[in-house]
Every structure is written in C-alpha cells, then in structure tokens.
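Here's a walk through a structure, ring by ring and then into the ligand site. Have the viewer open as you read.

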Amino acid sequence: MSIKVYVPRDTTTLSLGGNHIAAAIVAEAESRGEDIQLIRNGSRGVFWLEPMVEVETDQGRVAYGPVEARDVTGLFDTGFLTGSESHKLSLGKPEELPYLKKQQRLTFARAGIIDPVSIDDYKALDGFKGLARSLQLTGQEIVDAVKVSGLRGRGGAAFPTGIKWQTVHDCPPDQKYIVCNADEGDSGTFADRMVMEADPFMLIEGMTIAGLAVGATQGYIYLRSEYPVAFDILKEAIANAYAAGYLGDDLLGCGKKFDLEVRLGAAAYICGEETSLLESLEGKRGLVRFKPPLPAIEGLFGKPTIVNNVLSLAAVPYIMAEGGQAYANYGMGRSRGTLPFQLAGNVQQGGLIELAFGPTLRQLIDDFGGGTASGRPMKAIQVGGPLGAYLPESQWDTPLDYEAFAAIEAVLGHGGIVIFDDTVDMTEQARFSMEFCIEESCGKCTPCRIGSTRGVEVIDKIRSGVNVGANLTLLEDLCDTMIHGSLCAMGGMTPFPVQSAFKHFPEDIDNAIANSTSAEVH
Ligand SMILES: Cc1cc2nc3c(=O)[nH]c(=O)nc-3n(C[C@H](O)[C@H](O)[C@H](O)COP(=O)(O)O)c2cc1C
Ligand code: SF4
C-alpha cells in the first residue's frame with residue numbers, strides 16, 4: 001500500500017519552496033522504487049517549522065521540518081518513510097508539538113490534517129455535521145443557536161453575530177445575500193487565509209448555514225487578489241461541493257438552494273470595511289457608504305445582506321454541530337469561544353495559535369513566541385492590525401478579551417499580534433500609522449483624508465524638534481478630530497497607534513530629536 005506523504009500547499013509553505021520539496025520527494029521515491037501517495041495538505045500554522053513534511057506510519061503521522069529540497073535525499077536515507085526519528089529535522093508526532101498541544105483548536109481542528117479539497121477527508125473529521133443538523137431546523141432555530149454561542153464578529157468590531165443574523169432573518173422575504181469578508185488586510189494576520197487554504201469546506205459550510213438561517217440563496221466570498229493560492233483552493237473546493245450536492249439548487253436533496261462564488265478585490269485596505277466592500281462587489285470604487293441603512297437591511301444591491309468575516313462564518317459549523325453552549329463554554333466575560341491569535345513581526349516562533357479568550361498577552365508570547373527573532377529584548381507589541389494600539393510592557397498582562405482591551409484603549413481586532421524589539425523608534429511607527437491612513441483612506445471625509453496628511457507633517461516637526469510642546473498639543477487635537485469626526489473606523493482609529501506610541505514611549509521623542517539633523521527649537 002502507498003505511504004502517504006504530506007507537503008502543505010499553503011502560501012507560506014509555497015513561498016519557502018514547498019513545490020520544489022514535493023517534486024523532490026516524488027522524484028526520490030521513484031528512483032528508489034518506493035510507493036508513495038503525495039498529499040498536498042494545508043498548514044497547521046506552525047509557520048516557523050514550515051515547510052513541515054509529514055508521513056503516515058503505523059504509529060500515526062510523524063513530522064519533519066523545516067525541510068529544504070536539499071534535505072530530501074537525507075530524509076529518505078535515514079528512513080523517514082517509516083517515521084524514523086534519526087534525522088535532525090525529525091519533530092515526532094505533530095500533535096505532540098508543544099506549540100500545537102497547548103492550543104484549544106475548534107475552528108482550526110482540521111487545519112493541516114486534511115487534504116483541503118477532499119470532501120471525504122472533511123467528512124471524516126465531522127465536516128458537514130453542522131449543515132446536516134441545520135437542515136433539520138428552522139431559520140430562527142439556527143439564529144438562536146448562534147446567539148447562544150455568544151459568537152462576536154471576528155473581523156474587528158466584535159458585533160454579536162446572532163443579532164446581525166436576526167436582523168437579516170427578520171427582513172421580509174426577498175433576495176438576500178451572504179457576503180464573506182475575506183479581504184484580510186491587517187498587518188500580521190493570516191488566519192482567514194489559513195481557513196481558506198487549509199479547510200475551505202468549513203467556510204463553505206458556514207456560509208451555507210448562514211443562507212439557511214436567513215433565507216439567502218446567494219453567497220459571495222470577497223477575496224483580496226494578493227491571495228492567489230487561496231483563490232485556487234477555494235474554486236476547487238466550491239466545484240467539489242457543487243459536484244457532491246453541498247451547494248446548488250437542491251442542498252443534499254432537501255429542496256433548498258444556495259449558490260456560492262468567489263470574487264477578487266484589488267486589495268485596498270479600505271475595501272475590508274463592509275460598506276466599501278459592498279460597493280466594490282457591485283463593481284464600483286471602494287468608497288465607504290453612510291450608515292444607516294445597515295448592510296443587514298440594505299446591503300448588496302440594496303438587499304438585506306449578512307457581511308461576516310471568514311473566522312466568524314468558519315466558527316458556525318462547530319456551533320451547529322456541537323451546539324451553541326459548547327462554543328460558549330470557552331472564553332471569558334462577553335468574549336465567548338476561541339480566537340485564532342496570529343503571532344508575527346520580530347518573533348522566533350511565528351504562527352497561528354487558537355485559544356479560548358482569556359490568557360494574557362505575556363502568557364501567549366511566553367508560551368508560544370520563543371522570544372524575538374533578533375534575540376533582543378521586546379519593546380512594543382501592536383495588537384489588532386494597523387489601527388491597533390502599541391502596547392508597552394506594563395500592559396502585557398491584560399487578558400486577551402474584548403472588554404479588557406477596550407479598558408486600556410486597545411483593540412483585539414482580528415487577533416493579529418506584531419512584535420517589535422528595542423531597536424524600534426516609536427515616533428517612526430506613529431508616523432507610519434498616519435502615512436498608512438494617507439495611502440489607504442477612501443477620501444470621502446475630511447478628518448481622515450486631510451487629517452492624516454497634516455498628521456504626518458506634525459509628527460515630522462515633533463521628530464525634528466520643532467516647537468515640540470505646541471506640536472504635541474496640535475497632534476492631540478488632530479487625533480481628537482479624527483476620532484470624533486471620521487465617517488468610518490479607518491480615520492476614527494488611526495489615532496490609536498499614534499497616541500499610544502507617544503503616550504507609552506515618550507523617551508523616543510528625545511531620541512528622534514537627538515538623531516534628527518534638522519532640529520530647530522527644542
Ligand atoms: C478600514 C477597515 C478595514 C476593515 N477590514 C476588514 C477585513 O479585512 N476583514 C474583515 O472581516 N473585516 C474588516 N473590517 C470590519 C468590517 O467592516 C466588518 O465589521 C466585518 O466584516 C463584519 O464581519 P464580522 O461581524 O464577522 O466581524 C474593516 C473595517 C474597517 C473600518
Ligand atoms: S474615515 Fe477615511 S476611509 Fe473612512 S470614510 Fe472617511 S475618508 Fe473614507
């Protein structure tokens with residue numbers, strides 16, 4: 001019987017030579033007369049060990065990593081096809097790796113284990129169980145289960161998903177839509193991509209259940225064009241789902257209908273904002289719409305629309321299979337369930353860590369991060385993407401919970417965590433935040449469009465020592481105007497990283513001035 005060898009096909013692994021390694025393994029097996037079956041799985045999110053190759057043995061799967069193409073011959077020589085642990089890249093059983101063992105994987109339970117486009121693999125690990133159960137229920141019963149789960153939107157705003165679904169459910173019967181926000185533009189985030197590349201049927205199942213819940217018959221996944229691998233895998237998975245009756249006019253013979261398509265967006269950050277996304281999906285420029293009306297009432301083409309993040313929709317199959325309460329049993333306070341944290345930036349062990357809400361940032365980093373990649377002390381951590389605050393060490397004991405973060409004027413957002421060592425200049429980071437807003441603003445309102453440009457100018461003056469006190473006051477005023485006067489969170493949140501950088505790292509102002517060549521008045 002063929003020996004199953006797994007080489008991931010996700011973006012991270014491919015960027016590290018995954019295809020070369022796969023080809024080298026096939027060629028080496030052929031030349032040695034070994035009968036192998038190569039399976040292109042997704043990543044388990046242990047990115048610092050990618051490319052991680054796995055072999056199925058009588059004792060279960062064993063892993064090797066990070067593998068390079070030049071390691072392949074040595075792996076065969078030392079008997080990796082039988083799970084030998086004599087090679088220096090041997091990692092033992094993947095599920096025993098502390099990085100994976102210490103996690104609480106609900107959404108990412110199948111990631112890296114299955115072939116992402118195999119319906120049989122998906123079903124073998126509880127796939128489509130949630131859909132089967134949902135088909136027995138009324139729309140209202142599905143919405144109720146999501147409410148019980150306490151699921152809040154994972155795209156940033158943490159709005160209760162069940163309430164959003166209720167709004168769409170309660171709209172009169174008409175054309176309704178399910179739109180998946182797969183624009184994932186936050187710095188250091190990759191959880192959405194991992195879902196789509198490692199377990200796309202989970203997203204397809206979640207969207208189909210959402211359709212059944214609210215009476216929507218058409219779904220769209222709005223995907224950024226910078227995710228071509230996810231695009232291909234999603235298209236393959238959707239075609240397989242249609243062929244097997246999990247999508248289309250007669251879902252599993254129940255007479256209900258749900259169609260699904262992937263649409264590529266050009267990867268503008270603002271096209272992740274839900275109303276701008278809808279404009280883009282309608283073929284227009286990604287400009288933010290005034291709210292109200294909410295998209296739940298007048299969304300895509302003016303029709304009631306659920307817009308949910310990939311992770312929100314991907315949590316639904318578990319909720320429907322195991323019950324809302326099973327999901328709600330994880331977490332703390334009003335933050336129920338799990339959040340896939342994404343560890344990135346200057347860190348030794350970058351990757352995805354799914355845990356129930358509640359551990360502190362320091363615990364997460366100590367348990368999983370392995371220190372900075374540079375070996376230097378950690379100085380600042382930005383949580384929640386480019387609009388999230390920079391946290392100094394005094395705040396690293398804050399529990400990872402929406403409310404606890406709000407209490408320190410920070411956000412959890414999409415769970416992206418970016419680490420900086422002590423060489424970072426926080427005034428430069430503050431400048432970068434304003435510059436990012438200039439680049440990415442949709443331009444519809446003045447505080448954001450003009451404010452960000454003025455923000456860069458004022459920060460430049462502060463960094464070069466020009467009227468520092470007065471310019472700091474001016475910057476504070478400008479931030480206040482952006483927070484309270486902007487139409488959407490792009491302009492409204494850009495001040496968070498700026499204010500936190502100046503508030504928590506004031507010593508960097510003096511350092512920047514000292515390093516400046518254009519200091520005038522101190
Ligand atoms: C500037 C900006 C960018 C955003 N980018 C994303 C994104 O990439 N993905 C996402 O799901 N939500 C993003 N959001 C949040 C969405 O507007 C919206 O709240 C979310 O898609 C709703 O889904 P959820 O309730 O499942 O979180 C962004 C919001 C803003 C203001
Ligand atoms: S805050 Fe910025 S991105 Fe949002 S509507 Fe105004 S100009 Fe557009």
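This is a predicted model: local features need pLDDT of at least 70, side-chain atom pairs count only at pLDDT 80 or more; totals for chains, interfaces and linings use all residues.

Residues are numbered from 1 along each chain as its sequence is written, chains are lettered from A and ligands numbered from 1 in the order written, and side-chain values use heavy atoms, leaving out hydrogens and water.

There are 16 aromatic pairs in the structure (Phe, Tyr or six-membered Trp rings with centres within 6.5 Å; planes under 30 degrees apart are stacked, over 60 edge-to-face, the rest tilted). Take Tyr122 and Phe201: their ring centres are 5.6 Å apart and the planes meet at 45°, so this pair counts as tilted. It bridges distant parts of the chain, 79 residues apart, with Tyr122 in helix α5 (residues 119–124) and Phe201 in helix α10 (residues 200–214); helices here are DSSP runs of H or I, at least four residues, numbered from the N terminus. Both Tyr122 and Phe201 are buried, meaning under 20% relative accessible area with a 1.4 Å probe, protein chains only. Ring pairs also join Tyr122, Phe128, Phe201 and Tyr246 into a cluster.

Now for charges over rings (NZ of Lys or CZ of Arg within 6 Å of the ring centre and within 35 degrees of the ring normal). Arg61 puts its charged end over Tyr6, 3.6 Å from the ring centre, while Lys102 lies over the face of Phe368 at 5.3 Å.

Finally, an oxygen atom of ligand 1 lies 2.7 Å from a backbone N or O atom of Gly155. Taken alone, ligand 1 exposes 610 Å², and the protein buries 90% of that (Shrake-Rupley areas, 1.4 Å probe).

Note on methods: Helices (H or I, at least four residues) and strands (E, at least two) are DSSP runs, numbered from the N terminus. Buried means under 20% relative accessible area, exposed over 50%, partly exposed in between (1.4 Å probe, protein chains only). A polar contact is a pair of N or O atoms within 3.5 Å; within protein, one must be able to donate a hydrogen and the other to accept it, and residues adjacent in sequence count only if both atoms are side-chain atoms.
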